[in-house]
Amino acid sequence: MDTSPSALLRLFLPKVPFIVRTALWHALCLSPTSSKWDLRTEITVRIIHSLLDNPVPTPLAKQQRWSLKDPGIKGKMWISKVTLPKPDEEDIGRVLVDAIDSLDDGNGIYNVPSTVPVEAEWTGYRANVLHDRPRLDLPEAQHYERLMAEVSSPLTILYFHGGAHFMMDVASHRIPTSRLAHLTNGRSFSVRYRLAPQNPFPCALLDAFQAYLSLMFPPPASFHEAVPAKHIVFAGDSAGGNIALALLQLILQINRLTSRKHLRFHGRSLDLPLPLPAGLAGNSPWADVTRCMPSVVSNAQWDYLPPPMTNDQISTFPHDEIWPTDPPRGDLYCDLSMLCHPLVSPLAAKTWTGSCPMWLAYGEEMLADEGKSIAALAAEQGVTVIWEQFEAMPHCFSMIFDQLKAGRRCFKDWADFCGRVAGDAAAEEAAGMETKGTWFAAKTCQETDVDVRSLAVCSQDQVAQRMRSTAYARMQGNQGEAKIMPKL
């Protein structure tokens with residue numbers, strides 16, 4: 001992402017009158033959110049919302065290019081860039097297809113993706129340097145050695161960045177991944193998965209699956225030694241949280257199938273079932289690509305995410321080299337026939353039985369209800385679930401508002417969970433972990449216990465019906481794009 005002074009000036013200068021008006025309304029307590037937010041939060045959320053809901057949208061390719069600009073590496077982080085080689089065998093693609101088809105109703109349409117080399121970044125905390133200290137000019141292998149010299153925990157966080165499946169990059173998320181590494185004394189492995197719309201479902205999921213296997217079973221010439229699954233945590237924000245949930249559901253489904261006993265990967269024969277990670281930690285994970293749940297409307301005042309677009313808005317969306325696709329596709333991420341597939345929208349998953357522990361955190365945001373449904377279902381099925389929701393906070397707030405008590409608390413709990421389930425004392429910590437839900441009051445973070453099993457605002461049958469109805473309406477052309485046809 002381009003954060004140069006000139007780029008920021010071009011972006012924010014036209015917003016000055018809007019900022020002044022927002023500040024005035026907040027000061028006079030005329031804003032409906034002024035009792036819950038401070039002025040900085042109010043202005044930040046309103047600016048982000050105005051950018052995402054621009055009446056004159058920017059073409060997708062331009063948005064994507066803007067979000068992929070590398071801000072550089074400096075300060076308190078170690079970064080070691082790697083490329084995971086493509087395995088000669090095609091087994092991982094085949095088991096992915098088997099899992100997709102076994103969870104489908106037979107009407108889903110998708111292209112079988114090719115396995116490709118996957119780029120990623122090892123990320124660690126670099127102590128005792130200034131924030132503007134430039135990156136050392138060293139070979140990547142030496143950067144990895146320097147990184148590992150400051151790691152004192154066996155934890156590896158397998159991280160998937162957010163960005164609505166079509167924006168952002170491992171470079172845009174170096175600050176949160178290095179912060180997680182710092183707070184856990186571990187390291188992050190951040191995956192540059194393929195982006196939509198050029199690479200629709202299941203390309204990103206295949207890249208994520210390859211990354212997980214590569215951690216446990218390193219390809220030749222890898223920097224890292226084998227990482228046991230008990231020391232790996234899946235983590236992600238927003239669309240990255242979607243990929244983390246889908247990857248967990250994929251592994252669960254592979255293990256449910258009995259047609260295969262082995263999986264070939266870089267010359268090895270891996271026994272099935274595959275080991276599960278130690279945990280999953282999702283920060284505002286986007287679990288419903290149909291975006292059908294009530295909170296999409298009821299929580300809109302607290303969020304910066306725009307409402308779903310209408311068909312009229314989609315029809316006038318500017319065309320460019322990546323959108324519309326050829327042949328045309330009704331969603332950025334997948335064919336419309338796949339919207340309700342549990343590996344596209346994990347909200348649709350019927351079972352999480354046997355899953356590793358989950359930590360799910362949301363604000364009082366538009367995506368909250370989908371997280372509640374997953375948390376309640378998983379807890380009912382015997383999965384340990386830690387649920388945290390923060391009053392009046394927007395989507396992914398802890399990655400934006402680290403000056404707020406809520407932002408700091410959420411991020412700390414995110415890191416604490418990862419360390420508890422996959423760190424030095426993981427076995428003892430996980431054994432003593434119980435399902436727990438907490439509501440945090442605005443400003444004070446005063447805690448109130450909530451029953452995780454009672455979180456869901458709709459029954460599972462009602463959720464399925466809402467998803468099917470929304471998907472059908474979109475296929476009939478009666479409803480617009482799901483999360484965003486982002487309009488930056």
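Begin by selecting glutamate 365, which is buried, with a relative accessible area of 0% (buried means under 20% relative accessible area, exposed over 50%, and partly exposed in between, with a 1.4 Å probe and protein chains only). This is a predicted model, in which local features need pLDDT of at least 70 and side-chain atom pairs count only at pLDDT 80 or more, while totals for chains, interfaces and linings use all residues. Residues are numbered from 1 along each chain as its sequence is written, and side-chain values use heavy atoms, with hydrogens and water left out.

Glutamate 365 sits in the loop between β9 (358-363) and α12 (368-380), where helices (H or I, at least four residues) and strands (E, at least two) are DSSP runs numbered from the N terminus. Show histidine 395 as well, since its side chain is joined to that of glutamate 365 by a polar contact of 2.7 Å (a pair of N or O atoms within 3.5 Å; within protein, one must be able to donate a hydrogen and the other to accept it, and residues adjacent in sequence count only if both atoms are side-chain atoms).

Next, select phenylalanine 234, one of the residues with the most contacts inside the largest nonpolar core, which has 130 residues (such a core is a set of buried Ala, Val, Leu, Ile, Met, Phe, Trp, Tyr and Cys residues joined through side-chain atoms within 4.5 Å). Helix α9 (residues 239-256) gives the largest share of this core, 11 residues. A second, separate core of 10 residues includes Phe166, Met168, Ile322 and Leu332.

Now turn to the salt bridges, of which the structure holds 19 (a side-chain nitrogen of Lys or Arg within 4 Å of a carboxyl oxygen of Asp or Glu). Select glutamate 321 and arginine 65, whose side chains meet in a salt bridge at 3.0 Å, N to O. Glutamate 321 lies in the loop between α11 (311-315) and β9, and arginine 65 in helix α4 (residues 60-67), so the pair ties together parts that are 256 residues apart in sequence. Glutamate 321 counts as exposed at 60% relative accessibility, whereas arginine 65 is partly exposed at 47%.

Finish with glutamate 119 and arginine 192, which form a salt bridge with their closest N and O atoms 2.8 Å apart. Glutamate 119 belongs to strand β2 (residues 118-124) and arginine 192 to strand β4 (residues 187-192), and the pair links distant parts of the chain, 73 residues apart.
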